[in-house]
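Dear colleague,

I am handing over the structure we spoke about, and below it you will find notes on what came out of going through it. Please read them alongside the coordinates.

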2 protein chains.
Amino acid sequence: MSKPSIEVCFTPSKFDLYYDNQEIVVVIDVLRATSAICTAFDYGVSKIIPVSTVEEARAYQEKGFLAGAERDGQIVEGFEFGNSPFSYMKGNVKGETIVLTTTNGTKAINIAKVAPQVLVGALLNLDALIAYLIKQNKSVLCLCSGWKEKFNLEDTLCAGAIAKELVEKAGFAFSEDSTIGAVSIFEAASLNNFRFLKASSHRRRLRNLNLNKDVIYCLQPNQSVAIPYLNGDALELLAY
Amino acid sequence: MSKPSIEVCFTPSKFDLYYDNQEIVVVIDVLRATSAICTAFDYGVSKIIPVSTVEEARAYQEKGFLAGAERDGQIVEGFEFGNSPFSYMKGNVKGETIVLTTTNGTKAINIAKVAPQVLVGALLNLDALIAYLIKQNKSVLCLCSGWKEKFNLEDTLCAGAIAKELVEKAGFAFSEDSTIGAVSIFEAASLNNFRFLKASSHRRRLRNLNLNKDVIYCLQPNQSVAIPYLNGDALELLAY
């Protein structure tokens, strides 16, 4: 039996070019949506409903939901949560359902909905995710959220880390140049993520917003074993 | 005075996101359009008119122009030239004007037309181009042609080679993650382009079409000192 494939797509707008009926899509937005989502589940959130627009988030909020909205790195006025992982660590989310919209990540999750299974990936849950994907032995597309449709380094190196392990440890196949590129970038970065990313445009943007603490947290691999997955319109914690 | 910038855009459809009024756009399609164009000028062609569609090329042909058309790696029926460099080495192009359309490269050239100066880049003319760009000391965007709007390795590593030299030798600035990614990929590849590219999807496609000889030729750096540039609607040889 032939091995399943692992491929990488750098930005949401290219999803249709790279989506080839893979059984699993892993959505990655390291800085910071998917990192925050993993953290929220670590702190006991029950469900997260990803929506694409601030208006949708506000409509849910008016119905009484807890809601988060981030645009351009900052919490939108009138919302409780943004996409800082720390905003979910205050003991205020246990058992709750949260509606969330972010600049890049939640849009990517909604684009990925055509796939049979959509998972949330970050550096925070890297090893747990890789182990799960190897066990499933199904075709995987890593969808990087990017930054406003531009390529970004941190999502690409997370995707490259996943691809490298699936290829080298479990013999997954690949054919896209983007997958080879992501693995090369991961290998270049793996000596020191933080140093590598210091020139990165998104990291600079967050530093300017005094969010350096978030960046340091989100770039730490394997702080979480949470694998959030999309169940209908809501993210829930995968029991694996 | 602040240094000019060098940035890299991976595919033509992202051009508007990365074009920030750079003074020079370098269009790159290593396999094979821009390599063939450099070679055509080496063999004495006078002008090359890049057009986006086969229909446009045919209309010129009906007016008596020499014309080339390539789609999916093969010469379109009824045309004299494709984008094999070897098709321009037969002593048949000296002093001629050739109309050319290719799957990716000529479209990228036409997209880049908004810039004050559009240059043609390839591995074949790498050092000549780098020396020229450093001498100009103007802002540069490298536009990779990609493959049908997908990222490709060979264009990215050519762009990465240019960016690395402009940054390290001439202190050019950069801010896009795509530029850092391209330099990383070039550094990963520079030990051995050919080995690096052996898994590349486009290279595999060309091998399947028995065009291995073209690939070997196009991946050789510095076989040419031609720098083709866009003068109105036609590419001509830059006198530098």
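This is a predicted model: local features need pLDDT of at least 70, side-chain atom pairs count only at pLDDT 80 or more; totals for chains, interfaces and linings use all residues.

**Notes on the model**

B:Arg71 is found in strand S4 of chain B, which covers residues 66-71. Leaving aside residues up to four places away in sequence, B:Arg71 touches B:Ser52, B:Thr53 and B:Val54, as well as B:Val76 and the run B:Thr101, B:Thr102 and B:Thr103. The C-alpha atom of B:Arg71 is separated by 17 Å from that of B:Gln61, a residue 10 places apart from it along the chain.

Elsewhere in chain B, B:Lys135 belongs to helix H5, residues 126-136. B:Lys135 counts as exposed because its relative accessibility is 69%, and the class asks for over 50%. Between the C-alpha atoms of B:Lys135 and B:Ala108, which are 27 residues apart along the chain, there is a separation of 25 Å.

Turning to chain A as a whole, its secondary structure consists of 10 helices and 10 strands. The radius of gyration of chain A is 16 Å, which agrees with the value near 18 Å that a compact globule of 240 residues would have. Along the principal axes, the C-alpha atoms of chain A fill a box of roughly 50 × 35 × 30 Å. Of the 240 residues in this chain, 61% count as buried, and, where contacts with a separation of 6 or more are considered, 77% of those in chain A are between residues 24 or more positions apart.

A:Lys164, placed in helix H6 (residues 153-170) of chain A, counts as buried because its relative accessibility of 19% falls under the 20% limit. Not counting residues up to four places away in sequence, A:Lys164 touches A:Lys169, A:Val183, A:Phe186 and A:Glu187. In helix H9 of chain A, residues 201-208, the buried residues include A:Ser201, A:His202, A:Arg203 and A:Leu206, and just after this helix A:Asn210 takes a positive phi of about 60 degrees.

The remaining part concerns the interface. Chain B has 29 residues in contact with 29 residues of chain A, and the two chains bury about 2100 Å² between them, with 57% of that area on carbon and sulfur atoms. There are 4 salt bridges between chain B and chain A, and A:Lys14 forms a salt bridge with B:Glu149, in which the closest N and O atoms are 3.0 Å apart. For polar contacts between chain B and chain A, the count is 13 residue pairs, with both residues at pLDDT 80 or more. On the side of chain B that touches chain A, the elements that give two or more residues are helices H1 (15-18), H6 (153-170), H7 (177-189) and H9 (201-208) of chain B. Helix H7 of chain B gives the most to that side, with 7 residues, and by class the side of chain B that touches chain A has 11 nonpolar, 10 polar and 8 charged residues.

With best regards

Terms used: Residues are numbered from 1 along each chain as its sequence is written. Chains are lettered from A and ligands numbered from 1 in the order in which they are written. Side-chain values use heavy atoms; hydrogens and water are left out. Contact means heavy atoms within 4.5 Å. Buried area is the accessible area (1.4 Å probe) that two parts lose on being put together, summed over both. A salt bridge is a side-chain nitrogen of Lys or Arg within 4 Å of a carboxyl oxygen of Asp or Glu. A polar contact is a pair of N or O atoms within 3.5 Å; within protein, one must be able to donate a hydrogen and the other to accept it, and residues adjacent in sequence count only if both atoms are side-chain atoms. Helices (H or I, at least four residues) and strands (E, at least two) are DSSP runs, numbered from the N terminus. Ala, Val, Leu, Ile, Met, Phe, Trp, Tyr, Cys and Pro count as nonpolar, Asp, Glu, Lys and Arg as charged, and the others, Gly among them, as polar. Buried means under 20% relative accessible area, exposed over 50%, partly exposed in between (1.4 Å probe, protein chains only). The radius of gyration is taken over C-alpha atoms; the globule rule is 2.2 Å times the number of residues to the power 0.38.
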